[in-house]
Amino acid sequence: MQEWYQSRALYETVSKLITRGDFANAFEIAQSIPDKGIRAKSLSMVTVEMAKQRMDYKEALEKTIEAIMEIENYENVTKALMSLAFEFLALKRFDEALRIAEFIKDVSNRSKIQAEVGLALAREGKIHEAFKIINDILDDDVKTWATSKLAAELKRG
């Protein structure tokens, strides 16, 4: 329990350092958090904020993915990876979102990220790329849904 409270306090410290723009110290402290789940969440927060500020986040992203993969609970790993992928999707960093999705073992959840990236690309007029991504989706239900949504996007556009 002591580890959890310490980890929460460090998480709050990381959050305040990010607000101040002190990403180097935020990243260093985030890496030292004892609780694996809170460490991964903190590193994700730093990485996403670095990406938002258009800073070089590549090393931070690698460390974040490593930290997420260290979480012992499979479902929590999936949730953390999906959350990170959706953050990069929101930033229109589609390649990063797809790369993060590759680490998701659950086909359905990986497929959901791929579908959303494909649809986001379609909204930007990148139909060929969108179709290729959607066509590569392994989960048939998600692929059918994404194909239907792609058709609807094309009707609107």
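The following questions and answers examine selected contacts and side-chain pairs in a predicted model.

User: On what basis are residues numbered and values computed?
Analyst: Residues are numbered from 1 along each chain as its sequence is written, and side-chain values use heavy atoms, with hydrogens and water left out. Because this is a predicted model, local features need pLDDT of at least 70 and side-chain atom pairs count only at pLDDT 80 or more, whereas totals for chains, interfaces and linings use all residues.

User: Is S111 buried or exposed?
Analyst: S111 is found in helix α7, residues 107-123; helices (H or I, at least four residues) are DSSP runs numbered from the N terminus. Leaving aside residues up to four places away in sequence, S111 touches I137, L138, D139 and V142, where contact means heavy atoms within 4.5 Å. Buried means under 20% relative accessible area, exposed over 50%, and partly exposed in between (1.4 Å probe, protein chains only). With a relative accessible area of 1%, S111 is buried.

User: How many salt bridges does a search of the whole structure find?
Analyst: A salt bridge is a side-chain nitrogen of Lys or Arg within 4 Å of a carboxyl oxygen of Asp or Glu. Under this criterion, the search of the whole structure gives a total of 11.

User: How many residues apart are E70 and R39, which meet in a salt bridge?
Analyst: The side chains of E70 and R39 meet at 3.0 Å, N to O. This pair links distant parts of the chain, with E70 in the loop between α4 (58-69) and α5 (74-90) and R39 in helix α3 (residues 36-52). E70 is partly exposed at 41% relative accessible area, while R39 counts as buried at 14%. The separation of E70 and R39 is 31 residues.

User: Which helices does the salt bridge of R123 and E153 tie together?
Analyst: The closest N and O atoms of R123 and E153 are 3.4 Å apart. The two residues are 30 residues apart in sequence and lie in separate helices, so the pair ties these parts together. R123 is partly exposed at 49% relative accessible area, and E153 is buried at 14%. The helices are α7 for R123 and, for E153, α9 (residues 140-156).

User: Which residues have the most contacts inside the largest nonpolar core?
Analyst: A nonpolar core is a set of buried Ala, Val, Leu, Ile, Met, Phe, Trp, Tyr and Cys residues joined through side-chain atoms within 4.5 Å. The largest one has 51 residues, and its largest share, 8 residues, comes from α5. The residues with the most contacts inside this core are V46, L84, F88, I100 and V117.

User: What is the geometry of the aromatic pair W4 and Y5?
Analyst: Rings of Phe, Tyr and Trp (its six-membered ring) pair if their centres lie within 6.5 Å; planes under 30 degrees apart count as stacked, over 60 as edge-to-face and the rest as tilted. The count by this rule is 2 aromatic pairs. For W4 and Y5, the distance is 5.2 Å centre to centre and the angle between the planes is 80°, and the pair is edge-to-face.

User: What is the geometry of the pair formed by the rings of Y57 and F88?
Analyst: Y57 lies in the loop between α3 and α4 and F88 in helix α5, 31 residues apart. Both Y57 and F88 are buried. Their ring centres are 5.3 Å apart and their planes stand at 45°, so the pair is tilted.
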